[in-house]
Amino acid sequence: MLIQILNGLVYGGLLYVLAVGLVLIFGLRRVVNFAHGSLFMVGAYVGYTVTAVAGFWAGLAASVCVLTVIGAALDRFVFRPLQDEDPIVTMLVTFGLLLVLEDAVRTIWGKEFLTVQPPAILSGVVHLSGTSFPVYRLAVIGVAILVAGGLSLWLRFSRVGLYVRASSVDPLTTGMQGVDTDRLSAMVVAIGAGLAGLSGTISAPLVALSPSMGGSILIDSFVVVVTGGLGSFTGAFVAAMIIGQLHNLGVVFVPAAASMIPLVLMVLVLIWRPGGLVKAGA
Amino acid sequence: MIRIAVFLFAGVAGALLPALLGSPLLLTLLTQAVINAILATGVGFLVRQNGLVSFGHAGFFGLGAYIVAVSTTNEWMPIGAALLVAILAPTLLALLLGAAMLRLAGVAFSMLTLAVAQAFYELAMRWRSLANGDDGIAAQLPGRILGLDSSLFQQAGSMFVICWIVLMLVLFGLSVLIAIPFGTLTLAIRENEERARFIGYHTILPRAAIYALSAAIAALAGVLFALYNGFVTPNVLYWGLSGEALVMAVVGGTRAVWGPALGALLFFLLKNAAGDLTEHWPAIIGGTLILVTVLLPRGASGTIALLMQRMGVRTA
């Protein structure tokens, strides 16, 4: 049972790191990035290639850096020119990007499954109440906690964090108060994409890499973002942890219907609280 | 009256097409195109009347197809009842889901449509005893379906005519719907839901009804797909299909009811023309989607209407 809960935390952690990037981007640009799962996948592949040459830690760093740059470009060349359009237009464009990125990855790396070994220092197992659990998985939970803690401190206590929270509640008024929302949003989208890269690379040793790996986690992170409350950072954390657990328990106990459980939960939450679990900006 | 004449003409003209074409390969392609045109019409109608983008209509399409396959294989009910359930069950599901999901902003709604469809995809993949997972399931069709010989549904020539007539009936129904007060009401809600509420209308139910109707059209397309192919795999529930249907609707333009259907035909002609490049098909449709959304937001039908207007021809 303990093992199941820990596995749920691992998946919840990965989901959180991905979903919080979506929340950050939504807060600034009021759009949903459908290509976020593809950024996750590109992160995993970049991590794979650099790991093969220079080891896991270099792969992790390279992946976060590359994705941060991609994120800044995404904001500059997609979100910014389209900011006055209907959000549906941006959504369709990012969906188009998703298809293009998936095809690009398939062309470069092929469609065979690829695997990444965890770094040597994290490759053992720990013994917990009679069963063993991989150290690497514990480290993934640790990374998610660090990201959550770091982000909340940054959002709570830094000036930029204050701007980001303000913009999540009302971007127009925030701009009128003299905040340069374009610069802010370039930075925030870059961070969001960097987090997608981070989450892609740390998940690489846990799963097999394939060009379609971004799809299912994107969908789960959508459920997380909406259930938590669109634009809410705390909500994303709470929802990711709940859905991580449910997903994992579902796979173990009712494998046939596992995918229905988060969905039912989400519909119930939306009937109970149409705005999601936590208010935007919190 | 003019509307009836236009649809009668289009229906007869299309039904004569197989006799003129003679090429079985092209006919197979066109039959697929028309089935997809019905699906795209459902997706496009939701955009037109509700201003909502669905990334999950493959869910309703696939559910319709799977109900036909599963219920005929297990002999749960006679074929007529199976076809009815295959269309009504997804419609009812959409009505219930819509009542819960339509309270959200458009963007969140779109995210959830994707999640709902994907949940059904996973269900079909994992529930091996019922849906046979990845391998798919064959529909055991009886000899006669609704009084017609079942082979008529499986040959491209005759199935094209059946699907074409269905498409024309759907388009005719929708063109009537947008002209009656209910159509105007849903447009008013799309433009400003709050004001529509101030005037005294309930807004959730009409929007849910439009969502359910567009799901019913998608399920109808799924039923035709199952009858034509006689075989259903989880691919019919995959988000890739939802995405393709959306691309068809956007390329065709959603302002005209017939725009998405035109988009579907263009989509299949492009796919045919792409030939050897089909390996990179996702990138091609992704690129097309980006270009059309940014450069040609009215889509093909909107552009045609604009050109005709400039030349002084009045369009409906």
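I'll start with the core. The largest nonpolar core has 196 residues, and those touching the most other members are Ala19(A), Ala236(A), Ile38(B), Val68(B), Ala219(B) and Val223(B). Helix α11 of chain B, residues 204–229, supplies the largest share of this core, 18 residues. A nonpolar core here is a set of buried Ala, Val, Leu, Ile, Met, Phe, Trp, Tyr and Cys residues joined through C-beta atoms within 7 Å. Buried means 20 or more other C-beta atoms within 10 Å of the residue's own, exposed means 12 or fewer, and partly exposed is in between, with C-beta atoms placed from the backbone. Helices (H or I, at least four residues) and strands (E, at least two) are DSSP runs, numbered from the N terminus.

A note on the source. This is a predicted model, in which local features need pLDDT of at least 70, side-chain atom pairs count only at pLDDT 80 or more, and totals for chains, interfaces and linings use all residues. Residues are numbered from 1 along each chain as its sequence is written, and chains are lettered from A and ligands numbered from 1 in the order in which they are written.

Back to Ala219(B). Beyond its neighbours within four places in sequence, its contacts include Phe60(B), Phe61(B), Leu63(B) and Gly64(B), and also Ala86(B) and Ile87(B). Contact means C-beta atoms, placed from the backbone, within 7 Å.

Chain B as a whole has 15 helices and 4 strands. Of its 316 residues, 50% count as buried.

Now the interface. Chain B puts 33 residues into the contact and chain A puts in 32. On the chain B side, α4 (79–101), α5 (106–126), α12 (239–252) and α14 (281–295) each give two or more residues. The most come from α5(B), with 14 residues. By type, that side of chain B has 22 nonpolar, 8 polar and 3 charged residues. Nonpolar covers Ala, Val, Leu, Ile, Met, Phe, Trp, Tyr, Cys and Pro; charged is Asp, Glu, Lys and Arg; the others, Gly among them, are polar.

In chain A, α2(A) is mostly covered, with 15 of its 19 residues buried. Gly55(A) follows α2(A) and has a positive phi, near 95 degrees.

Last, two residues that are not glycine but have positive phi. Arg30(A) is at about 60 degrees, in the loop between α1 (2–29) and α2 of chain A. Arg30(A) counts as partly exposed, because it has 19 C-beta neighbours inside 10 Å. Glu75(B) is near 50 degrees and lies in the loop between α3 (57–73) and α4 of chain B. Glu75(B) has 10 other C-beta atoms within 10 Å, so it is exposed.

Key. Two residues are in contact if their C-beta atoms, placed from the backbone, lie within 7 Å.
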